[in-house]
Amino acid sequence: MRFVDEFRNAEQARALAARIAARCEPGRHYKFMEVCGGHTHTIYQHGLEDYLPESVELVHGPGCPVCVIPMGRVDDAIAIARRPEVILTSFGDMMRVPGGDGSFLDAKAAGADIRMVYSPLDALKLARAHPDREVVFMAIGFETTAPSTAVTVRRAAAEGLANFSVFCNHVTIIPAIKAILDSPDQRLDGFLGPGHVSTVIGCEPYRFIAERYGKPLVVAGFEPLDILHSIDMLLAQLEQGRCEIENQYSRVVPWDGNLTALKTLADVLELRPFFEWRGLGFIAHSALKLTERYAAFDAERRFAVPGVRVADPKSCQCGEVLKGVLKPYECKVFGTACTPETPIGTCMVSPEGACAAYYNFGRFHRQRLLEVTAR
Amino acid sequence: MTAELTEVLDRIDRTRRARPRVREQRLTMAHGAGGKATQTLVEAVFLEAFDNPELNALDDAAALTAGGARLAFTTDSYVVKPLFFPGGDIGDLAVNGTVNDLAVAGARPRFLSAGFILEEGLPVADLTRIVASMGAAARAAGVSIVAGDTKVVPRGLADGCYITTAGVGVREHPRDFGVHLARPGDLVLVSGPIGDHGMTVLVARGDLDLEADLRSDTAALTGLVDDLLAAAGEGVRGMRDATRGGVATILNEIARAAGVTVVVDESAVPVRAGVRGAAELLGIDPLYVACEGRLVAVVAPEHAAAALAALHAHPLGDQAAVIGRIDPDPAELVLLRTRFGGTRIVDLLVGDPLPRIC
């Protein structure tokens, strides 16, 4: 398949792997965090770690939109969905995320009208088709998906669609990266920067990571060769004593981002003073809500939501996994009490969650794997 | 590889093998998706209540012996939406699905029953068209629909038309087939490109604003199975038709039934360009997408060439391929050598295939 197979070429992967191995200083251990859940998924889906030397360790970061949603927000959304006039719309990944009292899937089975959509514009279509109902879009995601929410709200305003609103849970990536850098138990050698977020925000916002924290960052694409290439670029920086922000994904990411998208964002969405992140706690200026101008489309203003903070289950260590402090399998409930069928934590839900990716794709004894594939 | 990781993996393995339990208070859509939740529901609720050796084998069709006759018996319900889609409709699907469950059990399909749950308001022309295509499919497969039932329910209680078919076949071969008979060294074959049906229906539903030139592969496998067994019958351990849950689910069932590991080469799995493209866009792995006219066969290595040649000679099998092998490792998992050259496991699906969002 064109534009796909070129980036999954095994021969080029072997060449890159050899270069990566050659760059590694003997006796040194390298720990890189891939910020984005999309990277985590690619790494496991293609078995990319098979190409990396033992000394290069990939740590999975917080950039999984579903993983960072706290339980209280799920409960709030379900409270809205239980109103008889409401159709709650959501991306498929949200359906199984556990709240304090079950998931969207459970709420749906108990009678709430919750529907899966592929785009916020599908939610708008539903609102047009059901003028007698209140259609609410559960907006989640980083700067990648926020512009499409903003465009949708603008369109709803232009059409005067009074029965449409957004339950806004958009978050921003920079404060999350900063929280990880400030975490005392984290020792990283560099970052694979989020590719799709960067198409919107560009590469400049990462500059502080190199300048103040002394860590290199390479904005990386989502195909497996992109990731190997980005790891090679990080190692090259370390080898040459550089510490910079570089853009591997230049075929998609302009250095300055997408100014039109940023303008639209600024018109429709603004920073909240603080927002709770699953496992990471409250982070200042880390999430978005609708601006005054579009307040009429804010589901939090239209419907009374409980807004109760629900503590994560004691056994859940999603926070440590999101910060990269724990490997998924180091969590006490990984794979036993917490599985993709019966997730306790969010990291086990989304296909981009580190725990789900590891459980679904990587759960095999390494030694046995080598024996089996050699036969 | 740390000792700690080994311990974790062993713990997970024990959990997986523990007796399944439905934890939910109510059924969710995941219980119908053919993945883990379906498996749990079947084992914890139905096997618990019905408990008998014929059912417990959990094959596509139950192998029966009655009055000296070796029979196969199966049933399936059809709730596809939309009722009509490129390449077929709910009618031929309902016939072919049950015919194929019998055929892959190594039986010659003979008689079918059909039960209809019809919604008030369904256009008679639609029903006539559905039933006509059932008749045509039955003739093509060499079966007769000999019993039936109709119920009409008030508007809103059924989405137009649901059909349940059951089928009886005769097991003409003296020996039993079953994927639990898979042995280390056996090869795994698939009879053609995968995912055509599921992707066609997903696109035909129109929710995706996606256009693609796709057609369902719904077809009776009777003739293909005949040719396969004539050419390599001795070497065929077992067959499955890869419907809900796709080839990935079948491979997991093989691994579990035979207590082995199935090793699959992703680049050997035939997938049409249109299906692969649509799946890529939606973030769905074609391995999990339903087929309605494809079988997966486990064949002894010395018979694999003959089996493949027989499949290739049949119009439904011209793109058949060897996609993997049976490994003695008792992990009961499916390992995929990816096109990219890495390795990962292919697990049963959790819930419906959900597109990724960023």
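**Close-up 1. Pairing of strands β3 and β4 in chain A of the predicted model.** Strand β3 of chain A, residues 86–90, runs parallel to β4(A), and 3 bridges join the pair. Across from Thr89(A) stands Arg115(A), a residue of β4(A). Strands of a sheet pair through backbone hydrogen bonds, in either a parallel or an antiparallel manner.

**Close-up 2. The open sheet of chain A.** Four strands, in the order β4-β3-β5-β6, make up this open sheet of chain A, and their pairing is parallel. Its edges are formed by β4 (114–116) and β6 of chain A, each of which pairs on one side only. On average, neighbouring strands are turned by 25° against each other, direction ignored.

**Close-up 3. Helices α5 and α6 on the sheet of chain A.** Helix α5 of chain A, residues 120–129, lies across β3, β5 (134–141) and β6 of chain A. The angle between α5(A) and β5(A) is about 175°. Helix α6(A) also packs on the sheet, where β5 and β6 of chain A are the strands touched. The direction of α6(A) makes about 160° with that of β6(A).

**Close-up 4. The surroundings of Asn163(A).** Asn163(A) belongs to the loop that links α6 (146–159) to β6 (164–170) in chain A. This residue counts as partly exposed because 19 C-beta neighbours lie inside 10 Å, whereas a buried residue would need 20 or more. Leaving aside residues up to four places away in sequence, Asn163(A) touches Ala127(A), Pro131(A), Arg133(A), Glu134(A) and Val135(A). Although 28 residues separate Asn163(A) from Val135(A) in sequence, their C-alpha atoms are 6.1 Å apart.

Terms used. Residues are numbered from 1 along each chain as its sequence is written. Chains are lettered from A and ligands numbered from 1 in the order in which they are written. This is a predicted model: local features need pLDDT of at least 70, side-chain atom pairs count only at pLDDT 80 or more; totals for chains, interfaces and linings use all residues. Helices (H or I, at least four residues) and strands (E, at least two) are DSSP runs, numbered from the N terminus. A residue is buried if 20 or more other C-beta atoms lie within 10 Å of its own, exposed if 12 or fewer, and partly exposed in between; C-beta atoms are placed from the backbone. Two residues are in contact if their C-beta atoms, placed from the backbone, lie within 7 Å. Two strands pair if DSSP finds at least two bridges between them. Axes are lines fitted to C-alpha atoms, for helices over the stretch in contact, and angles run from 0 to 180 degrees between N-to-C directions.
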